[in-house]
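Hi,

Here is the structure I promised to pass on to you. Have a look at it first, and then read on for my notes.

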Protein chains: 4
Amino acid sequence: MKVAVVGGGSTYTPELVDGFARLDGPTGTVERLTLIDPATDRLAVVGGLARRIFARYGHPGTVDWTDDTDAGLTDADVVIIQLRVGGQAARISDETFPLTCGCVGQETTGAGGLAKALRTVPVVRDIARRARERAAPGAWIVAFTNPVGIVTRALLDDGHRALGLCNVSIGVQRRFATLLSVPPAAVALDHVGLNHLTWTRAATVDGRDRLPELLDSYGADLAELAAMPVGVLRLTGTLPSYYLRYFYCHDAVVAEQRDAPTRGEQVAEIERELLDLYADPTLDRKPELLAQRGGAFYSEAAVGLLASLHRDDSGRHAVNVRNAGTLPGLPDEAVIEVSCRVGATGATALPTAPLQPEQAGLVAHVAGYEELAVAAAVRGGRDLVRRALLAHPLVGQYDRAERLTDLLLANNSAHLVWAR
Amino acid sequence: MKVAVVGGGSTYTPELVDGFARLDGPTGTVERLTLIDPATDRLAVVGGLARRIFARYGHPGTVDWTDDTDAGLTDADVVIIQLRVGGQAARISDETFPLTCGCVGQETTGAGGLAKALRTVPVVRDIARRARERAAPGAWIVAFTNPVGIVTRALLDDGHRALGLCNVSIGVQRRFATLLSVPPAAVALDHVGLNHLTWTRAATVDGRDRLPELLDSYGADLAELAAMPVGVLRLTGTLPSYYLRYFYCHDAVVAEQRDAPTRGEQVAEIERELLDLYADPTLDRKPELLAQRGGAFYSEAAVGLLASLHRDDSGRHAVNVRNAGTLPGLPDEAVIEVSCRVGATGATALPTAPLQPEQAGLVAHVAGYEELAVAAAVRGGRDLVRRALLAHPLVGQYDRAERLTDLLLANNSAHLVWAR
Amino acid sequence: MKVAVVGGGSTYTPELVDGFARLDGPTGTVERLTLIDPATDRLAVVGGLARRIFARYGHPGTVDWTDDTDAGLTDADVVIIQLRVGGQAARISDETFPLTCGCVGQETTGAGGLAKALRTVPVVRDIARRARERAAPGAWIVAFTNPVGIVTRALLDDGHRALGLCNVSIGVQRRFATLLSVPPAAVALDHVGLNHLTWTRAATVDGRDRLPELLDSYGADLAELAAMPVGVLRLTGTLPSYYLRYFYCHDAVVAEQRDAPTRGEQVAEIERELLDLYADPTLDRKPELLAQRGGAFYSEAAVGLLASLHRDDSGRHAVNVRNAGTLPGLPDEAVIEVSCRVGATGATALPTAPLQPEQAGLVAHVAGYEELAVAAAVRGGRDLVRRALLAHPLVGQYDRAERLTDLLLANNSAHLVWAR
Amino acid sequence: MKVAVVGGGSTYTPELVDGFARLDGPTGTVERLTLIDPATDRLAVVGGLARRIFARYGHPGTVDWTDDTDAGLTDADVVIIQLRVGGQAARISDETFPLTCGCVGQETTGAGGLAKALRTVPVVRDIARRARERAAPGAWIVAFTNPVGIVTRALLDDGHRALGLCNVSIGVQRRFATLLSVPPAAVALDHVGLNHLTWTRAATVDGRDRLPELLDSYGADLAELAAMPVGVLRLTGTLPSYYLRYFYCHDAVVAEQRDAPTRGEQVAEIERELLDLYADPTLDRKPELLAQRGGAFYSEAAVGLLASLHRDDSGRHAVNVRNAGTLPGLPDEAVIEVSCRVGATGATALPTAPLQPEQAGLVAHVAGYEELAVAAAVRGGRDLVRRALLAHPLVGQYDRAERLTDLLLANNSAHLVWAR
């Protein structure tokens, strides 16, 4: 299997590489790993470390890198997209400008999430178009770039073989396995919703749902994982995704964000340190600092998913796919995140119970936003941006949507051709 | 036709009576109008005026009043419910306590609307149960008590022949007719959504949609009617209901409410003046001051609806009925407000286009809340209150929902048996 | 020394009684302790416990109680005022209604503090007037009822021999002594500002200021004591009073208050439990639960102050007295809280350095408010209330002041004769 | 009299030039007007128009311009400073970044005002130092650059002959004169406070105070001038400066600013249009559009003040001078804005009544901030910035001050050498 990683110069990449090196075994299915990135300096540093990690674990695959996207995509069986358009500077903007209007500043939801979608979707679509021409026939595109739900929907709308991947679900599974002292693979989650708007509703081990017991015994731990009051977990009988904090605790998050540096500012600092570490030619493993960068278990999620696609093993993975009737009350075209069976022909959502009213309403509301966000990203134009913001439950106000549109477009004019 | 009005001692009643007196003609179909209210002093004042109004217009029907609900309901063909549990004091509470948490204070939506639903639904259900035993077979219950959507849903869940009525749609129709210089009946609206969460999407006159032209020529007027920036009308191509202001302009409304007396305080003052006027034995028409009380065209909407039920004339009315497939993406059980054909067997929703994503999402979100609000009102219990608040797009935050639950229950303990 | 305690039925009283019992020694100077309170049931419970505490410690003084204020004041040498007009219900109102307008809900500052001042000052003035007629010649009035600064200023304006007492300073001294492992009396604080708006600027032990070292070594502990970020302590080089949190962390406090029960609701619960405990005829000491009621070291502060007044020992105490030139930039008539020498003729402020600009500005601002608050409490009238609110740095906005005036007067009409 | 205008390339300049041309008469005292600005293109456009305006009115003075500050200052009798460091881009930043933290975004007060002070004071001090070396002996520096109070205080601290000028007072005088149908010079104002924090407390015409009558008869007009509710005028019996709106209506202004473009964005657009107009070689008067730029009556205020300095006529002008005992409760070193007599030796404050408590407290609070703002601008350093923000009544919160410091320094690093 030949794997191309678009945005391969990311400081994240050693996480992914470590996953392949450790998990893909000495008889690795990854025969070639190609890192693609326009930032050549950074790419060389990250690429060098990637090679050393493969070498350290004795992985037989080759590692190469290029700033020529077309060349890098050629013959790939899987294209992983993890690029970040505009880098941390754009992230800081996404995390700051909504605060001007009293809204949460976040790069995957709300006005900041829309800004990221608008910057990202056109770039990803272009890459997918190129991949269609040069990659191996039937190649898969795995979208790990946020907002994953919107990016995946845009790719599916274009007719690509695409899956959206997120590390929230695997993180929950790992945590549950630790708490229950069972191997991760023994824990089957009922994890459902939209990307970054999911709830874990059951955790089945040996045919029995252990979630009620986990909520009882480890409420405080799990509340810390979800970064919200334990009461939410008890009231809903679920473990909400960490990202639901931006909904369930919106004003508290705004209050915090008003008085503290942005995540982007923090990450930019961590990235500088990471790149210094990576440049050390004796380093041949991922450094501990990388854990602070976010993205825990991303590598395991990705390696597992690729394995299922490659080996056709019907593995269970939480991925982003078309709703297609899985959740009632949502359009078939909506992209949901749900536990699926994955094989060589792709992912099939496992049947799942309908959402409770308090979850179904929020999901439908955000799905309406996402439909308009995809339209705005694909077709451009100020009015679609305004409508998408008006449609978002964390914006929803007209003058607010207007002003956020102004600020979003002003801050992103370098990335949005149509907004100049 | 015998009509019973529960909450007949309201200062609103002369509006309704005026409608019957003027519109129901000298050969009036209303043969008996019974006002039911526990507030006997007030009832006598309002009842006296009602009789004088009937006399002045030469309406042949009789007017009587009673504080004995069972007696008043006996043999009624139509039961209009317009009671207000807790009076203006409860309204002032509904309009104030959510502000403590930074949320809009309003008696039909948000936490205040839920408080009103919890107080009202059990009382209305009890009245409907009594009506079933004593009113004429096949009697209709017309719910005009807010929150109309939730009240209607609870009545339908109990198996009653119920319709929910609101005066927003008829007000829009009247305004359009004036602007277009045509008779009201010539204007057919495409008015759709949930009660107090509706959009007028078309206004057909002689087969042609005149709404685009109205928005173009009378944007400022219509924006004033909707109490929101004209940009909302232009962006959505609709005339949103005045109540959407609590969503589209939420923070601006909160800012206003923080610095001004509540509507309830104002209305209490108007009511005192109205009752003074009503007590004047020479007064035989509705006084002008009544217009400031709200409820414009309520009488015409009610008289028209009753006429269609009675005469089986297939009249077009905007009423609250089960969704039953009318709007995709909403459960069949949801109660929507939509243009219907009304005859002796009730109301049938006219086919209507799906909602745009920005409307569909909000409607689904609020419908989720309404489902839980009905459950909370019918079954009681703190957890359902908390879940309903968490489900409401204007609350949606967990700690907020908790605290609003505390305040709601503390403020309404006199009305909620289960909350003591 | 005969001591009368107005508000003696408070659940606080056993704290004070415990202080006299423990500290006033077996040859106690307190020969008679009279508890005065209109709530006779409560008074009997608290009085009974007080007697048992005196007995347990072998204190020779008598304890009696009465609901007849004039009788209770007769011949008193010291009148301690600790009453709470309106009880916890009024407190809950003070802590809630300002939140409606987005302002902190607190019973000693902001709009809630003004409400308490308006309720309290007339009652305290009346008591002081009665004391002047019946108490021993030259009797002292010790005001412990909040807002202490405003209450003291009103008493001094009336020509009474009054001192304002607060337990913040003694609490700081005790904590420092513990941290430095020295006896409390060895620590002399430079504690200055207005009541509940003070900063400890130095802590001298054996002639050396140990505060810098305390801030260095115990920053986190002291920040917890002050309930604010340690950065405030470091930036100002002081330990601010806990109450400065309502200024330095205003919005964070509002955010917390929006989502949590009020302090009054919590205290009301604690008081119910305390009264149950007090009623136990075998209880002869203050129960541990009393510590949660607040008021730590209040008894020691009061006993110490009375001792200095009685024994003319020039003791050092932080009390509330006229500024009279102590702090430049403040009117002489302002009442400040400052370290004083106290003897038989009263308290004399020790010379102290001028405040830093960031403290001086805030103090002058609040002093302007306090001047108007006293005027409003003494003379009554809506306009003085509005002006006082406009003058308060935590209100300061005109429409906000208007609406808060409405709410304050509506909530306190039972206590404000002139506002009906 | 030779006049140098630093920042002479401003689009404001034609306003000033028009004043000299019209008011300085055909026997004009201004013999030379030198415009100084580093923006040479802009300067040539504005300078050309200035010459044409002088020509049109037959003013005998010469007009020249230069980007060489030292050359332009040489021999000047008066140096007017009206520069804007960082241009409209910096203004937009000042108006935006505080909103991120929920604070008003304004370029003369709050965190935005501090940012402008930090950028401006060092540049102005440098110019004043150069002027001391090259300008005529005894030359006056007239500061019109905001924040005028802070800039003037810094200049006086350096020992310069400086006066701060603002157009608020003259605008009030002109409006009153129009309403009373008397010549402007007949109206003597009692105008007092700090720059942009002033109240007009009396308007004497022929020895009689006409302000009460003006407030009675023209309340709505004057409230519009002050941009605040008429109730503020009535409650305080004054006409507050327009800038007090940022205090008296803070949250309403924030709510507006959240939903609308900044003033800087609007002015940048107006400036582009103005420069296009100015470039027209046939234009020889100030265009009407300039009125929208702000600064009404600036020219008349400046020309009048210069005339008094030059002719030693003891004219009455509202200028910014040392307090020096004028207002009790304020340090002597504070710079206040007050009605003065102005002659050849400078300005002497006219005696004025003390401020009411609600005004005195706010003035003292802001004066504390200004003292720290000058220190921060002169000495630099993050801690003084934090202290100044903590001292400002519109900030006052610690974490808020921290985060605003971060944002202020990040946004202004190009201008603050010490912050890099």
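Predicted model: local features only at pLDDT ≥ 70, side-chain atom pairs only at ≥ 80, totals over all residues.

The size of an interface is often given as the accessible area lost when the parts come together. In terms of residues, 16 from chain A are in contact with 16 from chain D.

What holds charge against charge here? The count between chain A and chain D is 4 salt bridges. R400(A) takes part in a salt bridge with D259(D), with 3.1 Å between the closest N and O atoms. On the side of chain A that touches chain D, the elements giving two or more residues are α4 (87–100), α12 (250–258) and α17 (398–411) of chain A. Of these, α17(A) supplies the largest share, with 4 residues. By type, that side of chain A divides into 7 charged, 5 polar and 4 nonpolar residues.

Next, the symmetry of chains A and B. Chain B is superposed on chain A by a rotation of 180° with 0.0 Å of shift along the axis, at an RMSD of 0.0 Å. The two copies are thus related as by a two-fold rotation axis. Which residue of chain B comes closest to the rotation axis? That is G329(B), whose C-alpha lies at 2.1 Å. The copies meet through the same surface, because 100% of the interface residues of chain B are also interface residues in chain A.

Most residues other than glycine have a negative phi, and most peptide bonds are trans. In chain B, the peptide bond joining N146(B) and P147(B) is cis, with omega about -5°, and P147(B) sits in the loop between β5 (140–143) and α6 (148–157). In chain D, the bond from N146(D) to P147(D) is cis with omega near -10°, and P147(D) is in the loop between β5 (140–143) and α6 (148–157) of that chain.

A324(B) has a positive phi, near 45°, and belongs to the loop between β11 (315–322) and β12 (335–343) of chain B. A324(B) is exposed, at a relative accessible area of 56%. For A324(D), phi is also positive and near 45°, while its relative accessible area of 57% makes A324(D) exposed.

Best wishes

Definitions and conventions. Residues numbered from 1 in each chain as written. Chains lettered and ligands numbered in written order. Heavy atoms only, no water. Least-squares fit on C-alpha atoms with pLDDT ≥ 70 in both. Contact = heavy atoms within 4.5 Å. Salt bridge = Lys/Arg side-chain N within 4 Å of Asp/Glu carboxyl O. Nonpolar A, V, L, I, M, F, W, Y, C, P; charged D, E, K, R; others polar. Buried < 20%, exposed > 50% of the residue type's maximum accessible area, 1.4 Å probe, protein only.
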